[in-house]
Amino acid sequence: MIDFSLTEEQKKLQLKAREFAINEIIPISRKYDQSGEFPQDVLQKAFDQGLMNTIFPKKIGGPGLGILDTCLIVEETAAADPGITTSLFDNCLGAEPILIGGTKEQINRFLKPLTEELKFIAFATSEPGMGSDVAGLTATARVEGDELILNGRKMWVTNGGVASLLSTFCRLEGTKRHEGITGIVVPMNTEGVKVGKPIPKMGHRASNTVMVRFDEARVPLENILGELGKGFPIAIQTFAHTRPTIGAFACGMARASMEYAIAYAKRRKAFDSKIANFQAIQFMIADMKINVDAARLLTWKAAWEADQGRDNTISASIAKAFATDSGMKTASDALQIFGGYGYTTNYLVEKLFRDAKLYQIYEGTSQIQRMVIGRYMLSRYTPIFDKTLT
Ligand SMILES: Cc1cc2nc3c(=O)[nH]c(=O)nc-3n(C[C@H](O)[C@H](O)[C@H](O)COP(=O)(O)OP(=O)(O)OC[C@H]3O[C@@H](n4cnc5c(N)ncnc54)[C@H](O)[C@@H]3O)c2cc1C
């Protein structure tokens with residue numbers, strides 16, 4: 001039996017996030033986009049209302065929500081502001097490697113303090129020389145006594161400038177590719193950890209993005225996640241858990257773009273008619289609705305599979321690729337419906353268009369999602385007409 005309905009708790013959660021988005025995010029969204037300032041006060045309010053750290057277990061004082069619940073929240077907040085939502089969700093990204101590969105003691109030691117007051121944990125696999133090819137990371141780790149010594153650079157670290165902890169991955173010196181990659185939690189106040197200036201960006205300007213440098217940074221061995229040198233699967237499982245959420249980000253952004261476009265098409269006139277009367281405009285709006293609904297269904301399925309403890313690697317890539325690519329098209333078509341006005345900074349469709357682009361890039365580009373799906377199709381997929389095709 002298939003059931004697409006949300007539980008009463010989920011409906012309440014969705015409404016709560018929607019009200020938060022309308023009352024707390026929309027009024028300040030433009031200000032933060034223009035200043036590029038970190039939205040500390042909004043995040044404090046989200047934290048106070050239990051809308052941050054959603055996947056942190058109840059046992060350590062977290063909301064104890066699932067990935068699908070998280071998708072419901074972020075669709076609402078991303079509809080109001082994708083950049084603020086990137087900052088808001090980043091603690092879940094930083095926490096995933098610990099929840100996946102950490103011990104109970106590590107979950108308690110690293111994540112419990114984040115449930116007690118607003119603090120940040122960032123995540124870093126990417127480096128200046130590589131992002132897509134995670135197995136190609138070059139930052140190194142070597143064991144000395146009861147410490148791991150880290151060297152190298154991590155690039156594009158969201159919330160890195162405000163975080164107290166970093167979940168990251170380095171390779172044991174002398175190892176290659178997947179072998180030797182080690183997951184580790186690095187306190188940002190460790191000597192030898194240096195944080196760069198915020199990187200200026202096209203969109204998501206309210207989210208803090210920095211480079212982090214390790215220069216003989218000493219971290220205790222007790223901060224290693226799982227086994228030394230066996231961290232690659234932790235990184236990959238992290239993405240399977242977080243990619244559905246990026247699908248939900250894109251759904252929210254696309255939904256808002258669509259709604260702004262509908263409202264504008266109903267009031268803008270051309271050739272003595274409301275532009276909403278033109279079939280070319282109606283078809284663009286119809287495609288937006290098709291894409292938003294299909295993206296949401298794929299996203300919810302991938303999130304549900306993760307919540308069930310199933311391997312959702314493929315459904316997560318499908319959801320992320322479809323939701324973000326179709327979301328980009330929706331944002332672009334919405335701007336098109338606004339004509340010249342859409343190209344000005346006076347209307348939010350311009351901001352959403354800039355924000356939409358990042359969804360196709362971070363947490364694995366659209367090409368990388370297709371690589372994951374393509375490899376699966378050509379190796380593990382079982383054709384239904386197997387016998388008749390040979
Ligand atoms: C604002 C922002 C925030 C970010 N936040 C984080 C963060 O918090 N933590 C973190 O670790 N990273 C973060 N990232 C990094 C992000 O995940 C990477 O930018 C992304 O994975 C792509 O890596 P790259 O930029 O090195 O591109 P590259 O890997 O150099 O790829 C360049 C182009 O080549 C394509 N390509 C690469 N390999 C293949 C292939 N085999 N087949 C086909 N095409 C291919 C890519 O799709 C892309 O179009 C962030 C990035 C940005 C811009």
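This tour goes from the ligand shell to the nonpolar core and then to one helix.

The model is predicted: local features need pLDDT of at least 70, side-chain atom pairs count only at pLDDT 80 or more, and totals for chains, interfaces and linings use all residues. Residues are numbered from 1 along each chain as its sequence is written.

**Ligand.** Select the 22 residues around the ligand; Gly 131, Ser 132, Trp 156, Thr 158 and Thr 365 come nearest (near: C-beta atom, placed from the backbone, within 6 Å). β1 (121–124), β3 (147–158) and α11 (366–379) each give two or more residues to this shell (DSSP runs: helices H or I, at least four residues; strands E, at least two; numbered from the N terminus). Now colour by domain, with bounds from an automatic or database assignment. The ligand lies between domain 2 (121–227) and domain 3 (233–386), because both give residues to its shell.

**Core.** Go to Leu 150, Ile 184, Ala 250, Met 253, Ala 254 and Ala 331. Of the 112 residues in the largest nonpolar core, these touch the most other members. Such a core is a set of buried Ala, Val, Leu, Ile, Met, Phe, Trp, Tyr and Cys residues joined through C-beta atoms within 7 Å. Buried means 20 or more other C-beta atoms within 10 Å of the residue's own, all placed from the backbone. Helix α6 (residues 232–267) gives the most to this core, 17 residues.

**Helix α8.** Select residues 313–337. Of the 25 residues in α8, 20 are buried. Gly 339 follows α8, with a positive phi near 55°.

Note on methods:
Buried ≥ 20, exposed ≤ 12 C-beta atoms within 10 Å, placed from the backbone.
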